[in-house]
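Reader: I'd like to go through this fold with you, piece by piece. Can we take it slowly?

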Amino acid sequence: MAMEKKKVTILLSRYRDPFSKIIALNSRGIFTHCSISVDPEENHFYSFNKKGFVDEYWQNKKSKYLMPERHYLHLYVDEAVFEKIKAEIERFREKRQEFTYSVFGTFLCMMHIPHRFKRRYFCSRFVAEVLKNSGAVTLKKKCSLYLPMHFLKELKTI
């Protein structure tokens with residue numbers, strides 16, 4: 001009997017702000033933000049933004065800064081990997097006050113300079129680390145070198 005696979009969702013999106021424009025130009029793509037979800041309804045996501053580690057709820061989300069373009073990437077993983085993903089996310093949730101957003105890390109990423117700052121993340125580094133540390137995927141480069149558009153290109157081939 002085949003084991004049932006669990007769905008993990010990576011949501012790619014974009015905001016209307018100067019920083020998003022810089023990321024879009026650098027990555028030559030439309031998406032400048034990413035989040036990860038283990039919610040089968042695809043409503044509750046986790047990510048990093050200027051507020052640090054955040055819970056994001058996308059159903060009926062309205063913001064004058066949020067652009068309508070979104071793309072959902074789905075990974076189907078076995079139960080053990082799914083539980084590791086949940087544990088990785090929970091680790092961040094439990095210690096959310098210890099983590100901050102890293103604008104500088106994002107700029108280093110755009111310049112293709114690998115780096116590792118303790119407790120300082122940006123959205124795509126967070127998603128990359130969750131995927132890597134859980135064993136969900138084998139990434140082609142260091143977690144600190146991922147921008148949202150890189151997931152679109154890399155995970156579409158899985």
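Reader: Which residues have the most contacts inside the largest nonpolar core?

Author: This is a predicted model, where local features need pLDDT of at least 70, side-chain atom pairs count only at pLDDT 80 or more, and totals for chains, interfaces and linings use all residues. Residues are numbered from 1 along each chain as its sequence is written, and side-chain values use heavy atoms, leaving out hydrogens and water. A nonpolar core is a set of buried Ala, Val, Leu, Ile, Met, Phe, Trp, Tyr and Cys residues joined through side-chain atoms within 4.5 Å, with buried meaning under 20% relative accessible area, exposed over 50% and partly exposed in between (1.4 Å probe, protein chains only). The largest one here has 41 residues, and those with the most contacts inside it are Ile10, Ile36, Ile85, Ile89, Phe126, Leu131 and Phe151.

Reader: Which element gives the most to this core?

Author: Helices (H or I, at least four residues) and strands (E, at least two) are DSSP runs, numbered from the N terminus. Among the elements giving two or more residues to the core are strand 1 (6-13), helix 2 (79-94) and helix 5 (148-155). The top giver, with 6 residues, is helix 4.

Reader: What is phenylalanine 151 in contact with, leaving aside its neighbours within four places in sequence?

Author: Contact means heavy atoms within 4.5 Å. On that basis, the partners of phenylalanine 151 include Ser124, Val127, Ala128, Leu131, Tyr146 and Lys156. Also on the list are Leu12, Cys34 and Leu73.

Reader: How do helix 2 and helix 4 lie, roughly parallel or oblique?

Author: Axes are lines fitted to C-alpha atoms, for helices over the stretch in contact, and angles run from 0 to 180 degrees between N-to-C directions. The axes of helix 2 and helix 4 come within 8 Å and cross at roughly 135 degrees. Angles under 35 degrees count as roughly parallel, over 145 as roughly antiparallel, 65 to 115 as roughly perpendicular and the rest as oblique. So helix 2 and helix 4 are oblique.

Reader: And which is it for helix 1 and helix 3, roughly parallel or oblique?

Author: Helix 1 covers residues 18-27, and its axis comes within 10 Å of the helix 3 axis, crossing at roughly 20 degrees. That angle is why helix 1 and helix 3 count as roughly parallel.

Reader: Is proline 18 buried or exposed?

Author: Proline 18 has its place in helix 1. Its relative accessibility is 64%, so proline 18 counts as exposed.
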